[in-house]
Amino acid sequence: MARVSPRLMHLVLVIILFSVSHAKNNSSSQALTLFRIQRLLNLPAVLSRSYNYTDFCNIEPSLSLTVICYEEKITQLHIIGEKTAPLLPRNFSIDLFVTTLVRLPSLKVLTLVSLGLWGPLPGKISQLSALEILNVTSNFFYGVIPQELSSLSSLQTLILDDNMFSGPLQDWMSSFPLLAVFSAKKNLLNASLPNSLSGLVSLRVLGLSHNHFFGEVPDLSSLTNLQVLELEDNALGPQFPKLGKKLVTLVLSKNKFRSGIPAEVSSYHQLERLDLSFNMFVGPFPPSLLSLPSITNLNVSRNKFTGMLFENLSCNAELQSVDLSSNLLSGSLPTCLLSDSKDSVVLYARNCLSTGNQNQHPLPFCRNEALAVGIIPDRSKQKRASKSILAVGIIGGIFGGVVLVGLIFFVYRRMKTNKTMKKSPARSITENASTGYTSKLLSDARYISQTMKLGALGLPSYRTFSLDELEEATNNFDTSTFMGEGSHGQMYRGQLKDGSFVAIRCLKMKTSHSTQNFMHHIELILKLRHRHLVSALGHCFECYLDDSSVSRIFLVFEYVPNGTLRSWISEGHPRRSLTWTQRISAAIGIANGIQFLQTGIIPGVYSNKLKITDILLDQNLVAKISSYNLPLLEENMEQSSSSLQVGEGVSSGGSTSSHVGARMKHEDATDVHDFGVILLEMIKGRPVKSMTQVGVLKDQLQVVIAADDAARRSMVDPRVKQTCLDQSLKTMMEICVRCLHNEPADRPSFDDVLWNLQYAAQVQDAWQLGECLSSDGSPVSPSQPPRLTF
């Protein structure tokens with residue numbers, strides 16, 4: 001036997017060790033990526049299960065989470081949230097999320113359904129070059145579909161349903177050679193459908209229902225593999241589309257088709273479902289549709305189909321549902337549709353059939369209506385008939401001109417006769433209504449945009465409550481429902497008929513005003529809906545009988561059950577204390593809430609005079625601001641009106657505008673200072689009760705920031721000082737000190753505050769994950785440097 005060279009054996013050993021090391025590093029990298037995905041998704045329920053990140057390939061699959069690996073590389077990732085998942089917080093970055101995802105380069109299948117993702121879909125997702133299936137159904141993506149997707153040459157399934165994608169479908173759609181399923185239902189896509197769709201030769205399913213497409217459907221007869229075509233609820237038409245003959249499902253309902261049904265439809269032998277309802281299809285109804293070999297569901301209701309049905313017509317024995325209602329059909333209903341089977345549904349009302357069942361029109365109705373409609377001819381037929389039409393048009397034009405001159409003379413006489421008459425009341429009402437509607441559209445434009453992007457967070461729609469509802473909810477405002485009283489009225493806890501709890505603030509008016517005087521305040525209040533605000537659900541006016549002026553206003557808010565932030569931080573409950581990570585998360589939530597008050601609506605809400613007792617925690621320990629500077633809560637209406645204008649920037653001269661801008665900047669800095677006081681108590685874990693104490697503690701923080709780790713930990717709440725990473729703690733302390741700066745101009749913006757809070761959260765999470773992943777306990781270094789450029 002030949003001897004193996006020692007040098008060769010050494011080389012083989014090095015290669016083996018390198019392969020093992022590389023595999024281990026790759027596994028750790030994928031685990032860290034999964035953890036970051038969990039963090040960026042705001043710790044949703046689907047990822048909150050505790051499992052060993054180093055063994056992620058063996059996670060037990062579930063309906064909400066599935067990770068599939070091949071050769072220790074993640075090839076499939078499925079994350080599915082609740083159907084009504086709210087938007088992720090405003091600080092969520094879809095760009096950062098996708099940047100994290102592309103660190104899993106072996107992904108072939110990616111499912112991200114109902115996770116509250118929002119923002120434009122970044123084109124960098126195309127860096128997942130091996131992707132074969134992409135499903136982002138039921139999120140809040142908006143903007144155009146990125147062209148970079150066209151580089152995914154292996155893509156076979158692309159599902160974008162139930163988002164807010166807008167704009168047209170581009171011609172680059174034809175660059176997917178293997179695409180078999182493309183579905184973008186329930187979006188805001190518009191324009192006409194591109195001819196490039198006919199180049200998707202592998203396409204089997206095309207779903208574009210519930211969008212704003214219009215115009216003719218391109219010729220899709222070349223798509224010989226197409227089995228499902230769903231175009232419901234658009235504005236497509238008028239011609240019936242040209243399609244292949246392998247269709248199984250064809251849905252064209254709720255469009256603007258006005259042609260007849262072409263004869264080739266009768267040769268769609270694989271067709272199981274045909275829905276043409278709610279259009280203006282005309283011409284004879286083809287009875288052969290009832291006997292197509294595979295048909296089970298047929299709906300042609302709400303059209304203008306004509307023709308006579310006969311009792312001896314044949315039907316497919318497997319028909320489960322037939323709807324012929326609201327057409328112009330006459331004759332007798334086929335006996336094959338009169339089955340007594342409970343499994344089949346047959347509707348045929350509002351025709352002119354001789355049957356006595358279901359509501360039918362008299363026969364002359366259908367005859368007269370049939371004369372009033374006609375089939376839209378093909379364009380080729382239109383060209384052949386153009387010369388005849390032109391000749392008739394010239395003759396008709398001469399006659400019409402004579403009639404028009406007479407009509408003008410008649411109108412002139414009528415106007416002269418009515419010249420001294422009073423303006424019509426109906427016209428006056430119309431003009432006023434039009435003006436008011438336009439004004440409301442303008443004032444609500446930004447709110448609508450914010451609502452679409454940030455969502456209503458699962459809350460019911462804002463509405464007007466009746467006094468009876470509120471009295472029933474509070475047992476006639478019984479003392480047992482009384483929660484407290486402050487400068488802004490009394491607060492009660494109520495339970496509505498649907499079982500949900502609400503908080504009701506009662507404001508007694510000290511001046512006399514009608515309900516109309518309060519409506520601009522109500523328009524502001526209904527916009528204040530955010531994940532980190534205690535959001536308003538509605539209002540109620542109680543008025544005096546003599547002059548109908550408002551005596552009391554009731555504001556109805558969501559009920560937050562878990563107490564104040566102080567009760568979880570500094571009131572001495574050893575078993576009820578937030579962890580360091582939870583404190584950072586609460587601080588991020590508060591900062592997000594304040595930033596939304598200032599910039600998320602017009603006009604912005606400043607000088608909110610926030611205290612830690614104004615921050616409530618919900619059942620998931622999400623921080624919510626419960627008391628903010630609503631102009632309606634001011635005791636004097638004139639003062640409240642002036643504060644309402646802050647942020648509008650409307651003035652008659654430049655000096656006023658600059659004054660308003662300076663005031664906004666000052667009040668922004670005031671909110672930053674109040675936030676710093678809250679942050680100080682979260683770090684210390686003890687109540688901060690005076691501004692003198694704030695100054696002393698701020699000075700102490702400045703000293704320990706420049707000292708060592710032990711000095712900094714000596715300032716921290718003992719319950720968390722052993723679990724916080726020093727870099728995270730130091731960053732929090734630096735934010736706090738900067739927020740408490742004596743000079744308002746030197747305090748940071750909330751953008752900078754949020755940046756650094758998120759950095760503190762990131763290094764803390766990475767350190768905790770590092771403890772799980774590294775055998776020697778060494779921390780994972782953060783991927784993002786702090787931005788302490790205040």
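**From a strand pair outwards**

Strand β6 (residues 140–143) runs parallel to strand β8 (residues 164–167), and the two pair over two bridges. Gly-143 has Phe-165 in β8 as its bridge partner. Strands here are DSSP E runs of at least two residues and helices are H or I runs of at least four, numbered from the N terminus; two strands pair if DSSP finds at least two bridges between them. This is a predicted model, where local features need pLDDT of at least 70, side-chain atom pairs count only at pLDDT 80 or more, and totals for chains, interfaces and linings use all residues. Residues are numbered from 1 along each chain as its sequence is written, and side-chain values use heavy atoms, leaving out hydrogens and water.

Zoom out, and you'll find an open sheet of six strands, ordered β4-β6-β8-β10-β12-β14 with parallel pairing. β4 (118–120) and β14 (235–236) sit at the edges with a single partner strand each, so one side of each has no neighbour in the sheet.

Now for helix α13 (residues 691–705): its 15 residues reach 21 Å from first C-alpha to last, close to the 21 Å expected at 1.5 Å a residue (that is, 1.5 Å times one less than the number of residues). Its buried residues (under 20% relative accessible area, 1.4 Å probe, protein chains only; exposed is over 50%, partly exposed in between) are Val-694, Leu-697, Lys-698, Leu-701, Val-704 and Ile-705. Seen down the axis, they fall within an arc of 130°, so they line one face of α13 (the arc takes directions from the helix axis to the C-beta atoms). On the other side of α13, Thr-692 and Val-703 are exposed.
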